[in-house]
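Reader: Walk me through this one, please. Keep it quick.

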Amino acid sequence: MDKNTFDVFDNFEEIDQLTGFEPVLGGLLTEKAIWVDESRCIGCRYCAHVATNTFIVDEDYGRSRAVRQDGDSLEVLEEAIDTCPVDCIHWVKFEDLENLENSLDREMFQSLGKLPRINKH
């Protein structure tokens, strides 16, 4: 390895908070994140079939969830959004992603993947 290779490791900075501008998330051009409003999702699985590296269907609730922001190309993600029959997939600000995820009360979801659970409340 040459000296320039070691300089990269010496100048490595630990990132405390993600901004959406990181190279793994698309670099400087990526300011938006893809988010599934699981409370509106009907579990059709269309998005997971189109954008296989971005979406999964939760086994317990039977609803789609975006698990990777850099999984598929922009064109594939747009196609996945267009195939959603209930329009529950949205582009959101990357900074809002964590708050949106935390706002979902998954305990109140009716399971679409397994038999219904008894409400504990």
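**Loops, cavity and core**

Author: Asp-87 is partly exposed, with a relative accessible area of 48%. Partly exposed lies between buried, under 20% relative accessible area, and exposed, over 50% (1.4 Å probe, protein chains only).

Reader: What kind of model is this, and how are residues numbered?

Author: The model is predicted: local features need pLDDT of at least 70, side-chain atom pairs count only at pLDDT 80 or more, and totals for chains, interfaces and linings use all residues. Residues are numbered from 1 along each chain as its sequence is written, and side-chain values use heavy atoms, leaving out hydrogens and water.

Reader: Back to Asp-87. Where is it?

Author: Asp-87 is in the loop between helix 3 and strand 4. Helices (H or I, at least four residues) and strands (E, at least two) are DSSP runs, numbered from the N terminus.

Reader: What about the phi of Asp-87?

Author: Positive, about 50°, although Asp-87 is not a glycine. Most residues other than glycine have a negative phi. Arg-45 also has a positive phi, near 70°.

Reader: Where does Arg-45 sit, and how exposed is it?

Author: Arg-45 is in the loop between strand 1 and helix 2. Arg-45 is partly exposed, at 38% relative accessible area.

Reader: And Cys-41: buried or exposed?

Author: Cys-41 is buried, at 7% relative accessible area. Cys-41 also lies in the loop between strand 1 and helix 2. Cys-41 and Asp-87 are 46 residues apart in sequence, yet 8.3 Å apart in space, C-alpha to C-alpha.

Reader: How many cavities of 30 Å³ or more?

Author: One. A cavity is a set of points on a 1 Å grid over the protein atoms alone, where a 1.4 Å probe fits but cannot get out; lining residues have an atom within 4 Å of a point. The largest cavity has a volume of about 40 Å³, the space filled by probe spheres set on the points.

Reader: What lines the largest cavity?

Author: Cys-41, Ile-42, Cys-44, Arg-45, Cys-47, Ser-64, Cys-84, Val-86 and Cys-88. That lining divides into seven nonpolar residues, one polar and one charged.

Reader: New topic. Which residues touch the most other members of the largest nonpolar core?

Author: Ile-34, Val-36, Phe-55, Cys-88 and Ile-89, out of 15 residues. The elements giving two or more residues to this core are strand 1 (32-36), helix 2 (46-50), strand 2 (55-57) and helix 3 (74-83). Helix 3 gives the largest share, three residues. A nonpolar core is a set of buried Ala, Val, Leu, Ile, Met, Phe, Trp, Tyr and Cys residues joined through side-chain atoms within 4.5 Å.

Reader: What does Ile-89 touch?

Author: Not counting residues up to four places away in sequence, Ile-89 touches Ile-34, Trp-35, Val-36, Cys-47, Phe-55, Ala-80, Ile-81 and Cys-84. Contact means heavy atoms within 4.5 Å. A second, separate core of six residues includes Ala-33, Trp-35, Leu-97 and Leu-104.

Reader: Why is strand 1 largely enclosed?

Author: Four of its five residues are buried, so strand 1 is largely enclosed by the rest of the structure.

Reader: How many bridges join strand 1 to strand 4?

Author: Five, and the two strands run antiparallel. Strands pair if DSSP finds at least two bridges between them. Trp-35 has His-90 in strand 4 as its bridge partner.

Reader: What's the overall pattern along the sequence?

Author: α-β-α-β-β-α-β-α, with four helices and four strands. Buried residues make up 34% of the chain's 121 residues.

How values were computed
On a 1 Å grid over the protein atoms alone, a cavity is a set of points where a 1.4 Å probe fits but cannot get out, and a pocket is an open set with protein on both sides within 12 Å along at least five of seven lines; lining residues have an atom within 4 Å of a point. Ala, Val, Leu, Ile, Met, Phe, Trp, Tyr, Cys and Pro count as nonpolar, Asp, Glu, Lys and Arg as charged, and the others, Gly among them, as polar.
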